[in-house]
Amino acid sequence: MTENNRAPRLLVIDDEAIVGKRLSQIFSKMGYTVAAHVDPAQALAEAERQPFDIVVTDLKMQGIDGLEVLRRVKKINPATRVIIITGYAEMDTADSAFREGVFDFIPKPFRLDEIKDAILRAMKDRAGEG
Amino acid sequence: MAAARPDSPAPAGPSCEWYQPGTRRARSLRRKMVISLAMVFGLGCLSTISALYSLSRVADKLKLIELSYELNQKVLETRRYEKNFLLYHNQPDLISALDYIDQVRARVSLLKDTAVLPGEEISEYRARLEDYADVLLQLNNPERIPPPDSLKKQVRELGQRFTEYVLERDAAARLEAEDDTRRFRRLSLVAMGVTLVFGGALAVLLLRWVTQPLDYLRRAATRIRHGELTAIPMAPAVRGSLEGVELVNSLNLMLRSLVEKQEALIQSAKLATIGQVTAGLAHEVNNPLNNISLTAEVLLEELPEDEESSTREMVGEILAQTERAREVVQNLLVFIRMAKTTEPVVMDLVQITEDSIGLLKNQIRLSQIRVETDFTKEPVRAKGFPSQIEQVLVNVMLNGIQAMTAGGCLTVRVLARPDEHHGVVEIGDSGPGISSEDRKRIFDPFFTTKSDGTGLGLSVSYSIIEKHDGFITLDSQSGEGTTFRITLPLLTGPEASEVGHR
């Protein structure tokens, strides 16, 4: 059970840098290893090198959008849990995201408790599966 | 939905008068035309009959002339044989003369049969003929050949007189026939002239009856196209016929519904544009909002426990304000994605109105206003989404309540108009009223007169009612309050029998 002993790895992708900064602040304190990126391509490159447990990604981004990130991350490691955050949630996108295996879909602006809760549940889910 | 526009209020507004035909002069155009055509037909028949009559009279005269001519010839023959006998005393000449006298007699009878000549004239013919025939017969005595000179003279005299009479009558008959022909030709010409004049006048009148209203309508249509008129006014040109009045009324109805449809199109195009803009806007605003609230929350978490409570309070206020902004955006999003989730149900407008008033009990009590209700005893049924209708009613009532000071009165009526297939909810307040300037924009998104309003309440209400195939209108006089009238298609028949569950 080595996996349970190491720090959980969290990747945050959002072209709004502040989101990454704040979540890093919070989850570093909670013992997570947090990587924050504004460029999805760079973030995916890092994930290729070492898979993450949790990926929190914005939906609408330049170049690669959240659904594409979800697909690629799942390809790298199907066990990774992906949470999509978005400023404008449309039912269609939410539907296709869930079909593609997203763990949760959170509309912006969200409360800190919401995202914390989602990430904790994702970790628990992942641990249950592992 | 034009009905939402104060300058074109719903049924029986000033922009669309319903004209009654003038009681005295208005006749059906159809009737006028039938009468006119009958008159022309009658005149035509009259002139034809007079022409036929004239022809038959002329034919009679011609027959008379023919008979007179024959008579003439026979008389001349008689006189020739009579002369021969008197010269040469040959018995066969006398027999021939007498024979011709018989033929003359037969012609006179024929004249009588034609009944063209008066009786006295026939008697005159006969008298003179018999006088002559008598003396001619006296010649027929073989013992007295040659006859005495006195008898000869008598024969010549009477024969001469008869011949002269016949010739005179013949000439007279010719003259008469010529006169008659002239007279009948004149009669026919007069009849034809009368027919032409009357028929022409009627044709002109008919043309005018038909073209005058059409021309008037054409000109009115041009003025409407140029924006000088919104409806066709009644004018003498069309008031004269029932058809004209009906046509104007139908065209005005059509114009009104066209204007309504056009304005409804404009309004929904406006809403669609707003929807697109808002969708983009919401996304753009949610990101900074998220940054603010996330930062404020992290800041709050990271504040040392012993930090002054005023700092905590201020960060808390940042969070609260962010929450408020989030709600505004949320409402916008709801407005765009108007719930089209479930199937519409049969709903009772009376029930929904009662429920809506119930929801506002607190506001009503706090604002110290009265509520007067007037509901029909029977349910007023319509099809749709009760929660959405409730949202509209609460919204409109809340506007009314907020428009009034303590002691004001909110009047709520629910009624059914089965003949118009309408169910109506009327919500009136005794507030200050709405200026005509504001009335034009009251259903526009983001239009508000309240300091803390979003300007979405009535535009959302408008779209909801529009989606229910209904319309909202309002009456407002400055200083005399405002009445909103929400009209929905009334449900009747078997479909209405069961009110759906909510």
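In chain B, strands β6(B) and β7 (residues 482–489) run antiparallel and are joined by six bridges. Within this pairing, Leu474(B) has Phe484(B) of β7(B) as its bridge partner. Helices (H or I, at least four residues) and strands (E, at least two) are DSSP runs, numbered from the N terminus, and two strands pair if DSSP finds at least two bridges between them. The model is predicted: local features need pLDDT of at least 70, side-chain atom pairs count only at pLDDT 80 or more, and totals for chains, interfaces and linings use all residues. Residues are numbered from 1 along each chain as its sequence is written, while chains are lettered from A and ligands numbered from 1 in the order in which they are written.

The two strands belong to an open sheet of five strands in chain B, with mixed pairing and the order β2-β4-β5-β7-β6. At its edges stand β2 (370–375) and β6 (471–476) of chain B; each has a single partner strand, so one side of each is left without a neighbour in the sheet. From one strand to the next, the twist averages 15 degrees. Helix α10 (residues 386–403) of chain B packs on this sheet and touches β4 (409–417), β5 (422–429) and β7 of chain B. The direction of α10(B) makes about 25 degrees with that of β5(B). For such values, axes are lines fitted to C-alpha atoms, for helices over the stretch in contact, and angles run from 0 to 180 degrees between N-to-C directions. Two residues are in contact if their C-beta atoms, placed from the backbone, lie within 7 Å.

Two packed helices are described by the angle between their axes and the distance between the axes. For α10(B) and helix α12 (residues 457–467) of chain B, the angle is about 145 degrees and the axes are 9 Å apart. On the α10(B) side the contact involves Gln388(B), Gln391(B), Val392(B), Asn395(B), Val396(B) and Asn399(B), which meet Gly457(B), Leu458(B), Ser461(B), Ile464(B) and Ile465(B) in α12(B). By class, the residues of this contact are five nonpolar, six polar and no charged. Here Ala, Val, Leu, Ile, Met, Phe, Trp, Tyr, Cys and Pro count as nonpolar, Asp, Glu, Lys and Arg as charged, and the others, Gly among them, as polar.

Chain B as a whole contains 12 helices and seven strands. Of its 502 residues, 27% count as buried; a residue is buried if 20 or more other C-beta atoms lie within 10 Å of its own, exposed if 12 or fewer, and partly exposed in between, with C-beta atoms placed from the backbone. Among contacts in chain B between residues at least 6 apart in sequence, 76% join residues at least 24 apart.

Helix α1 (residues 29–88) of chain B has 60 residues, which at 1.5 Å a residue should span 88 Å; the end C-alpha atoms are 89 Å apart, in agreement. The expected span is 1.5 Å times one less than the number of residues. Buried residues in α1(B) include Leu64(B), Leu67(B), Leu71(B), Tyr81(B) and Phe85(B). Among the elements that cover the buried residues of α1(B) are α2 (91–114), α3 (119–139) and α4 (149–225) of chain B.

With 13 C-beta neighbours inside 10 Å, His89(B) counts as partly exposed.

Chain A holds an open sheet of five strands in the order β2-β1-β3-β4-β5, with parallel pairing. Its edges are β2 (33–37) and β5 (104–107) of chain A, each with a single partner strand, so one side of each is left without a neighbour in the sheet. Strand β4 (residues 81–86) of chain A pairs with β5(A) in the parallel sense over four bridges, and Ile106(A) in β5(A) is the bridge partner of Ile85(A).

The contact between the chains takes 15 residues from chain B and 14 residues from chain A.
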